[in-house]
Amino acid sequence: MRHVAIVGSGPAGYYTAETLQKADDVAVDVIDRLPVPYGLIRTGVAPDHQSIKAVSRRYEGVALTDNVRFVGHVSVGSDVTIDELVGLYDAVVLATGAPNDRPLDIPGADLDGVIGSAAFVGWYNGHPDFADLDPPLGAPGVAVIGNGNVALDVARILAKTPAEFAGSDIVTHARAALAESAVRHIHILGRRGPHQIAMTPKELGELGHLKRASPRVDPADLPPEGDDALLEPGMRKSVTHLRQFAANPVAKPVTIDFDFFAMPVAIEGDGRVQRVIVERTTLDADLRSHGTGETYAVDAGLVVSCIGYQTPPIPGVPYEHGRGRFASDEGRILPGLYAVGWARRGPSGTIGTNKPDGARIGEMVLADIGRGAGKAGRPGLDALLASRGIAPVTFRDWRRIEEAEVAAALDGHPREKFTSIEAMLGAIGR
């Protein structure tokens, strides 16, 4: 029997497991520090995008095969080390994603009320690490820094009415706080222009259908319409949405302003954020942004930084600090140790991008390990954890947690996600 451990149960981890489980004589353990699987599908994808979250059913099909096992509530680094896993398994694949925010490196970024998108998204998605975040929603202004889909998600969630969350799995504490929110003016700040956004048409189009919020674009920020012909089709559709927002401003109680050519240079406030100082930019021939020296202020009681993510380092694992990912040669880190997904390539691409990545790394692992080295694998891990008094959460346990969440759902929501590890374990009698 050949043994492979995958650290991380998100899309990259399960797509890798999907390839491995098709091979003969392979046992795969998918290890996660949380008692629940699916990573960013559960706690990163917007709660009102249930169709995207449905991909977890594919991962469930993989998890229920005889040679794949979920090993939840086991922390790699404290409960078991990387070196121990490499000693037990023929291959160890790091599929830890990029759950940490890239730091916002401007003066005032440490003020209260400045929050990274991983934390803010984790808050409204019920991630146990961020359930107690309590973001300040008592001021009318919010600045969202970034020009990608995460920035759109944050703006949309802030702008929705309580009724618009029907059918989502947004958690109760976030739903209640947003219902009492005083937010009325949301600014999405981006250093470059409409032709350089990383926003997809579907997500942009959703802003045009919000009940109480209106997206606004300054027509002066848009390039000549003929220039759109040079864009790839998806980007052209996105820019078409921006042109429609500019041409048809609608008066609604909440505004979502796209501030293009706008580079945050400082955050100010007396102990907590009150405003963002923004410098206007221009683009050079290589489409890099440069400050013009002209500044203005955006009033904000909350700043959400959506400027990207990075993979947290693991002691003893080579790491590229400049890129926020593990150092690897196309996925090979060290003998017997691999990386896949965002942990390998950095935070780029969509959930679907991880499918070919997982398949490629899975095939690489199978080729590298050959017939296996007769390592202890799954029985060895079980014995090691038992010796330390650690009882992993199984996939059957997860199904019980899920059933309890569905049973607790209220008001047309598909589930009421548990937001603490204690509650998750309580659902299985621990």
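Strands E6 and E14 run parallel and are joined by three bridges; here helices (H or I, at least four residues) and strands (E, at least two) are DSSP runs numbered from the N terminus, and two strands pair if DSSP finds at least two bridges between them. Within this pairing, Ile115 stands opposite Val304 in E14. E14 is also joined to E7, again in parallel, by four bridges, and Ala143 stands opposite Val303 in E14. This is a predicted model, in which local features need pLDDT of at least 70 and side-chain atom pairs count only at pLDDT 80 or more, while totals for chains, interfaces and linings use all residues. Residues are numbered from 1 along each chain as its sequence is written, and side-chain values use heavy atoms, with hydrogens and water left out.

In a regular strand the side chains alternate between the two faces of the sheet. For E14, both faces are covered: Leu302 and Val304 on one side, and Val303 and Ser305 on the other, are all buried. The term buried denotes under 20% relative accessible area, exposed over 50%, and partly exposed in between, with a 1.4 Å probe and protein chains only.

These pairings belong to an open sheet of six strands in the order E6-E14-E7-E8-E10-E9, with parallel pairing. From one strand to the next, the twist averages 20 degrees; axes are lines fitted to C-alpha atoms, for helices over the stretch in contact, and angles run from 0 to 180 degrees between N-to-C directions. Further along the order, strand E7 (residues 141-145) and strand E8 (residues 185-189) pair in the parallel sense over five bridges, and Val144 has Ile188 in E8 as its bridge partner.

Which strands does helix H6 touch where it packs on the sheet? Helix H6 (residues 117-125) touches E6 and strand E14 (302-305), and its direction makes about 80 degrees with that of E6; contact means heavy atoms within 4.5 Å. Helix H10 (residues 233-247) also packs on the sheet, where it touches E9 and strand E10 (254-259), its direction making about 100 degrees with that of E9.

Val150 is found in helix H7 (residues 149-159). Its relative accessibility is 25%, so Val150 counts as partly exposed. Apart from neighbours within four places in sequence, Val150 is in contact with Ser117, Val121, Cys306 and Tyr309.

A second open sheet has three strands in the order E11-E12-E13, with antiparallel pairing. E11 and strand E13 (289-299) stand at its edges, each with a single partner strand, so one side of each is left without a neighbour in the sheet. Direction ignored, neighbouring strands of this sheet are turned by 25 degrees against each other on average. Strand E11 (residues 262-268) and strand E12 (residues 275-283) pair in the antiparallel sense over six bridges. Ala266 has Ile277 as its bridge partner in E12, and Ile267 has Val276. E11 and E12 form a hairpin with six residues between them, and Gly271 in the turn has a positive phi of about 85 degrees.

Most residues other than glycine have a negative phi, and most peptide bonds are trans. His73 has a positive phi, near 60 degrees, and lies in the loop between strand E3 (68-71) and helix H5 (82-88). With 26% relative accessibility, His73 counts as partly exposed. Asp134 likewise has a positive phi, of about 55 degrees, although it is not a glycine. Asp134 is placed in the loop between H6 and E7 and is exposed, with a relative accessible area of 63%.

The final topic is a pocket. On a 1 Å grid over the protein atoms alone, a pocket is an open set of points where a 1.4 Å probe fits, with protein on both sides within 12 Å along at least five of seven lines; lining residues have an atom within 4 Å of a point. The second largest pocket is lined by 15 residues, of which Lys53, Ser56, Asp169, Glu402 and Arg415 lie nearest its centre. Helix H2 (40-43), helix H3 (50-53), helix H4 (56-63) and helix H14 (395-407) each supply at least two residues of this lining, and H14 gives the most, with three residues.
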